[in-house]
Amino acid sequence: MNLDVILTPAELPRLSKLDLGRTACVVFDILRATSTFVTALRNGAAAIIPVSEISEALEIKRKQPRVLTAGERHGVKIRVKGKEFDFGNSPREFVPDKVKGRTIVSTTTNGTRALRACSHAKTVLAGAFLNLNATANFLRERKVETIMLVCAGTGENAALEDVLVAGALCEALARGTKEIVLSDSARLALSAFQQSSGDPTGMICKSENARRLLAIPELREDVEFCLRRDAIDLVAGMKRGKITVLRK
């Protein structure tokens, strides 16, 4: 098993040039897109359609009026021509009464862009601390030859929380096996996670994204929510442009 990590979104363009036909990509946008998608699926959403642009979301909504809209720009719920999207990007919004059986189209600053960049891979998973163990078990059982962990980041920069969760997954996959080859970037992520002594909460709370969310009263609880490890036992995967539950 070969394990690589994309540390910053500045590296995403090169994915389009790679042959990912035998690769499993795991995308992390811990604060908050992938955490939100995993939560929505756990609460009964039928599917999530990640798109890069607001215009794409609106076009899907026009063609499929029952689709719910979600997303953010600069952390805030999207408003277009005086109308808000149905949801922002807080996982706590996606409660069963609102999402059960529904398809949601979402656009976020970084997370959905990262997912779309991996769309030609053999397997694309939405990963989070929330479903880390389920994701690790799935990858082990599939005996994937190459795994690429994609950190969605902040703007064009690395996001500490995404690097740390990538390191946590590196540790989980390496545990109990010698048949794994880590790239330098995977070793960097693993080392960062190990420096947190397996409890990265304190480090993450000092990150750029966490500080921004903690400064907004209605969103501050999202940080603690998203950092709960293995609170959701499901695997979320993207096929034909839709994220659905691959395994519960």
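Is Arg247 buried, partly exposed or exposed, and what is its relative accessibility? In this predicted model, Arg247 counts as partly exposed, at 32% relative accessibility. Its salt-bridge partner is Glu141, with N and O 2.7 Å apart. Glu141 lies in helix α5 (residues 132-142) and Arg247 in strand β13 (residues 242-247), so the pair ties together parts that are 106 residues apart in sequence. Glu141 is likewise partly exposed, at 48% relative accessibility.

Side chains of opposite charge can pair when their charged atoms come close. The structure holds 13 salt bridges. One of them joins Glu156 to Arg113, where the closest N and O atoms are 3.3 Å apart. Because Glu156 sits in the loop between β10 (146-151) and α6 (160-174) while Arg113 belongs to helix α4 (residues 111-117), this pair links parts that are 43 residues apart in sequence. Glu156 is partly exposed at 44% relative accessibility, and Arg113 is partly exposed at 28%.

Another salt bridge runs between Lys77 and Glu84, with 3.6 Å between the closest N and O atoms. Lys77 has a relative accessible area of 30% and is partly exposed; Glu84, at 45%, is also partly exposed.

The largest pocket has a volume of about 260 Å³. It is lined by 17 residues, of which Glu72, Thr109, Thr154, Asn209 and Arg212 are the closest to its centre. Helix α9 (residues 208-214) gives the most to this lining, with three residues. By class, the lining has eleven polar residues, five charged residues and one nonpolar residue.

Notes: Residues are numbered from 1 along each chain as its sequence is written. This is a predicted model: local features need pLDDT of at least 70, side-chain atom pairs count only at pLDDT 80 or more; totals for chains, interfaces and linings use all residues. Side-chain values use heavy atoms; hydrogens and water are left out. On a 1 Å grid over the protein atoms alone, a cavity is a set of points where a 1.4 Å probe fits but cannot get out, and a pocket is an open set with protein on both sides within 12 Å along at least five of seven lines; lining residues have an atom within 4 Å of a point. Grid points are joined across faces, edges and corners, and a volume is the space filled by probe spheres set on the points. Helices (H or I, at least four residues) and strands (E, at least two) are DSSP runs, numbered from the N terminus. Ala, Val, Leu, Ile, Met, Phe, Trp, Tyr, Cys and Pro count as nonpolar, Asp, Glu, Lys and Arg as charged, and the others, Gly among them, as polar. A salt bridge is a side-chain nitrogen of Lys or Arg within 4 Å of a carboxyl oxygen of Asp or Glu. Buried means under 20% relative accessible area, exposed over 50%, partly exposed in between (1.4 Å probe, protein chains only).
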